[in-house]
Each structure stands twice: as structure tokens, then as C-alpha cells.
Amino acid sequence: MSFREKSAWISAVLISLFLLSYFVPTLGGHVSGAQRLHHFLLVVLTFATLEIVLHAVIAIRSPRDARAPKDERERLIALKAARISYYVLMVGALSSIFTIHLGAGAARIVGHMFLSVVVAELVRFVSIIVFHRRGV
Amino acid sequence: MSCAVLNRIKELRFDRDEMTQQDLADRIGVTRQTVNAIELGKYSPSLEVAFRIAAVFGVPLEQVFQFDEKKGG
């Protein structure tokens, strides 16, 4: 497995955990008010720390692969994955705006948009993994 | 997902003192996984990389890559 694919796996798993640990309690009403900011910061800091640590581990285990620039196939995979995630982001963003007409307040709209960004990123990393596995 | 371009890279590698995928990758400037993807037909290389592969083996491009007209459509 290449360094880029390992990196994508790490990010995909961590984003999935982020989705579960932040949005499920928040949208389920288990976290509210002042706790929400504290919960958000805790989850983001944990996510960032794990991203850095796990990427450092795979970089230390394969320093040459980590330092090497993307080759043409990896660049093509990155571009195709970004295109797919762009469509997901656009659908999410437009549906977030549509919630205005359903009476959603600013906080809910921002929450929907944030969810769209996170889901789009998850789709991007999953696409990278699929292209590495199945071919591009 | 298989490409319309077939290749004999694995055969040529073994004919060259069993050259490894990593060795070929280092010579043409891609990752070992990209060489593997090319050999398995999961990726069609650019013209530049294709010419580099042919140059490594010292053979014309047509002896490395062949176009499958049935898959090409």
C-alpha cells in the first residue's frame, strides 16, 4: 500500500469518527448551549492530534515515500477525487441554503454547511482509496 | 477496471535480470504502486512515462505497449 493510500485511510477513518463523535451528539440534542463549543473544540483537537500523530508514524516508517512528490497517477487520483467531493459539497451547501425556507435559524444552517464540508472530505478520501484499489 | 492498452512490462522486467517493480519505478520516476497498476492494466501511463519505460528496456514503444481495439471501442 502506498503512502498516499495509507494517508487516505487514516483521514477517512478519523473523519468518520469525527462525524460520529461530533454530529451525532450535537444533532441528537445531547450537547447544547455552552457545552457545544467545548465539545467542538475537544473533538477538533483530538482529530487534529490523531491526524498528525498517525501521519507522522507512517512517514517515519516510509520516509522516502512520504518525501516523494505525487507521481502522475497519484495526481490524477487526487484530481478525480476532488471533483467527486466538489459535487457532494455543492449539493450539501445548496441544501443548507434551502433550509432557510424551512425556517432554520443561522446556527442550524451553519451546522448543515459544516456537515456538508465534512461529508465532502470523507467522500474525497474514500474516492482516493477506491481509485487506488480499483484503478483510475 | 481494465485499460484498452496492454503491456509486456512484467515479461520485459524478468528478461532484464529480474528487474523489480521498485527498480523500474525509480528509473522512470513513479511509485512502485504505479508500476504495479500499469502492469495490471489498472492505469494507462502518460506518453512520457510510456516512452521512459521503453527507454529503460531499450526497445521500441510498440514492443512494450499494445492497443486492444476491442476494449478501446
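**Labels and their cut-offs**

Student: Why is Thr31(B) called buried?

Tutor: Its relative accessible area is 16%. Buried means under 20%, exposed over 50%, and partly exposed is anything in between (1.4 Å probe, protein chains only). At 16%, Thr31(B) is under the cut-off, so buried it is.

Student: And where do these values come from?

Tutor: This is a predicted model: local features need pLDDT of at least 70, side-chain atom pairs count only at pLDDT 80 or more, while totals for chains, interfaces and linings use all residues, and side-chain values use heavy atoms, with hydrogens and water left out. Residues are numbered from 1 along each chain as its sequence is written, with chains lettered from A and ligands numbered from 1 in the order in which they are written.

Student: What does Thr31(B) touch, leaving aside neighbours within four places in sequence?

Tutor: Asp71(A), Arg73(A) and Glu74(A), plus Ala25(B); contact means heavy atoms within 4.5 Å. Thr31(B) sits in the loop between α2 and α3 of chain B.

Student: How do you know whether Lys42(B) is buried, exposed or partly exposed?

Tutor: Its relative accessible area is 26%. That falls in the in-between band, so Lys42(B) is partly exposed. This lysine is in the loop between α3 and α4 of chain B.

Student: What makes Asp17(B) and Glu18(B) worth a look? Where are they?

Tutor: Asp17(B) is in the loop between α1 and α2 of chain B, and Glu18(B) lies in that loop too. Their relative accessible areas are 76% for Asp17(B) and 56% for Glu18(B). Each value is over the 50% mark, so each residue is exposed. Then there's the backbone: phi is about 55 degrees in Asp17(B) and near 50 degrees in Glu18(B).

Student: How do you know how the buried residues of α2(B) are arranged around the helix?

Tutor: The buried ones are Gln21(B), Leu24(B), Ala25(B) and Ile28(B). Viewed down the axis of α2(B), they fall within an arc of 100 degrees, so they line one face of the helix. The arc is that of the directions from the helix axis to the C-beta atoms. An α-helix has 3.6 residues a turn, so residues three or four places apart point the same way. Among the cover over the buried residues of α2(B) are α1, α3 and α4 of chain B.

Student: Over to chain A. Why is His132(A) called buried?

Tutor: Its relative accessibility is 11%, which is under 20%, so His132(A) counts as buried. This histidine lies in α5 of chain A. Not counting residues up to four places away in sequence, His132(A) touches Ser2(A), Arg4(A), Glu5(A), Arg73(A), Glu74(A) and Ile77(A).

Student: And Ser62(A), what makes that one buried?

Tutor: A relative accessible area of 15%, again under 20%, so the label holds. Ser62(A) is in the loop between α2 (34-61) and α3 (63-67) of chain A. Chain A as a whole has 35% of its 136 residues buried, and its elements come to 5 helices and 0 strands.

Student: What makes a group of residues a nonpolar core?

Tutor: The members must be buried Ala, Val, Leu, Ile, Met, Phe, Trp, Tyr or Cys, joined through side-chain atoms within 4.5 Å. The largest such core has 37 residues, and Ile9(B), Ile53(B), Phe57(B), Val64(B) and Phe65(B) touch the most other members. Elements giving two or more residues to this core are α1 (3-27), α4 (72-98) and α5 (106-134) of chain A, with α1 (9-15), α2 (21-28), α3 (32-39) and α4 (47-57) of chain B. The largest share, 7 residues, comes from α1(A).

Student: Which residues does Phe65(B) contact beyond its neighbours within four places in sequence?

Tutor: Val5(B), Leu6(B), Asn7(B), Ile9(B), Ile38(B), Pro45(B), Ala50(B) and Ile53(B).

Methods: Helix = DSSP H or I, 4+ residues; strand = E, 2+ residues; numbered from the N terminus.
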